[in-house]
Amino acid sequence: MSAMSTSANLPEPEHSGLFKFLSAAFYAVSSFLIIVVNKTILTNYRFPSYMFLGIGQMTTTILILYFAKMNQTVHFQDFDRSILVKIFPLPLLYVGNHITGLASTKKLSLPMFTVLRKFTILMTMIMEARLLRKTFPNHLIYSVLAIVFGALVAASSDLAFDAEGYTFILLNDVFTAASGVYTKKKLGTEGLGKYGILFYNAFIIVIPALLASAFTGDLHKAITFEHWLNAPFVSCFLISCLMGFVLMYSIVLCSHYNSALTTTVVGAIKNVAVAYIGMFLGGDYLFSWTNFLGLNICISGGLVYSYLTFHSSSKPSQSDESGIQGNQDQLIIPVMEDSIDRLPVK
């Protein structure tokens, strides 16, 4: 037991800037694609069950990693009672993040979805400060506040206000921030690693989620959905299931190479593209100048934040007495990824 805790407290190895950048880019692209696919399924096809879609994504994750483990392509600890202790509370945070994320995707337009997701950055900063004793420079705090202010301006004139949708998205922000912090911590747990976290999260959750879906009648609605013989819909559903695995893997990978706040910022940058594309392709964006102004304030704050973090990380650390070259940190948007003990999502 002591050996286990000792290994978890060892300093993380330095990762190359290229790995940091590529893992962040992989996460950004994966996150963007799954939002578009899920939006198509839940809004365009009017699929009635976001919970069933989540169950499909978790089942896909379990099957892929199980067969990969059987073929010795990946390695992680076999299941025993210690797994529950090692991975808690990640499964609860994972299912909360998954369900509220899918629910808010269905209830909100793409631009408003991405705007309200900006609160995840503020929540991640708060959680890192409270739980991990992190400190942040004032200019980074101001840029985050600008992002939140822009989100408030945009949301204040949301012509398609949906109280349930707003509740889901704010809960999703909390779950995402908490998942990021705890995922980073669990990556250092002996026997789990990236693949163990992905597999046991899905494995522990999928049966309770399926029972809950059946109890609420959600499962019946999904099974009797009229488009199951529609090839385009089935293709989108299968793609979403596969992308669910890809997204979760990209989050864990990005968290492995970067800090929690870095992963959150990557998600915010990705949202810049989603917000503007959603104005033209989403079909559910209602234009107003106040809303549009808020979107641009939010995006500007995100770009300033990205510039400040990238610019500061591109400079060699003056306090680096170990002789490690500063360019090891410079290719990602890391805020203070040195000792961040938390993860990504998303």
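**Figure 1. Proline 89 sits in the loop between α4 (81-87) and α5 (90-107).** In this predicted model, the bond to look for in this view is the one that joins phenylalanine 88 to proline 89: the peptide is cis, with omega at about 5°.

**Figure 2. The whole protein is built from 14 helices and zero strands.** Starting at the N terminus, the order of elements reads α-α-α-α-α-α-α-α-α-α-α-α-α-α. Of its 346 residues, 53% count as buried. If we take contacts between residues at least 6 apart in sequence, 87% of them link residues that are at least 24 apart.

**Figure 3. Confidence averages a pLDDT of 75 over the protein.** A score of at least 70 is reached by 74% of the residues. Residues 1-11 have a pLDDT below 50, and this stretch makes five contacts in the model beyond near neighbours in sequence. Residues 316-346 also stay under 50, and for them the model has 106 contacts beyond four places in sequence. Please keep these scores in mind when viewing either stretch.

**Figure 4. Helix α3 (residues 50-70) packs on helix α10 (residues 193-216) with the axes 8 Å apart.** The angle between them is about 140°, and the two helices are therefore oblique to each other. The crossing of α3 over α10 is left-handed. On the α3 side, the residues that meet α10 include Met51, Ile55, Met58, Ile62 and Leu65. Among their partners on α10 are Leu198, Phe199, Ala202, Phe203, Val206 and Leu210.

**Figure 5. On α10, Lys194, Tyr195 and Leu198 meet helix α12.** Here α12 (residues 231-257) comes into view, its axis coming within 10 Å of the α10 axis and crossing at roughly 140°. This pair is therefore oblique as well, and α10 passes α12 in a right-handed crossing. From α12, the residues taking part are Phe245, Met248, Tyr249, Val252, Leu253 and His256.

**Figure 6. Tyrosine 195 belongs to helix α10.** How exposed is tyrosine 195? Its relative accessible area is 24%, so tyrosine 195 is partly exposed. Leaving aside residues up to four places away in sequence, tyrosine 195 touches Leu65, Val74, Phe76 and Tyr249. Valine 252 lies 57 residues away from tyrosine 195 along the chain, yet their C-alpha atoms are separated by 8.7 Å.

Figure 7. Arginine 46 lies in the loop between α2 (17-44) and α3, while glutamine 72 is in the loop between α3 and α4. Arginine 46 is exposed, with a relative accessible area of 66%. Glutamine 72 is exposed too, at 59%.

**Figure 8. Helix α8 covers residues 138-156.** Its 19 residues reach 27 Å from first C-alpha to last, close to the 27 Å expected at 1.5 Å a residue. Which residues of α8 are buried? They are Leu140, Ser143, Val144, Ile147, Val148, Gly150, Ala151, Val153, Ala154 and Ala155.

Conventions. Residues numbered from 1 in each chain as written. Predicted model: local features only at pLDDT ≥ 70, side-chain atom pairs only at ≥ 80, totals over all residues. Heavy atoms only, no water. Helix = DSSP H or I, 4+ residues; strand = E, 2+ residues; numbered from the N terminus. Expected span 1.5 Å × (residues − 1). Buried < 20%, exposed > 50% of the residue type's maximum accessible area, 1.4 Å probe, protein only. pLDDT = per-residue confidence, 0-100. Contact = heavy atoms within 4.5 Å. Axes fitted to C-alpha atoms, helices over the stretch in contact; angles between N-to-C directions. Parallel < 35°, antiparallel > 145°, perpendicular 65-115°, else oblique. Left-handed = near helix turned anticlockwise from the far one by under 90°.
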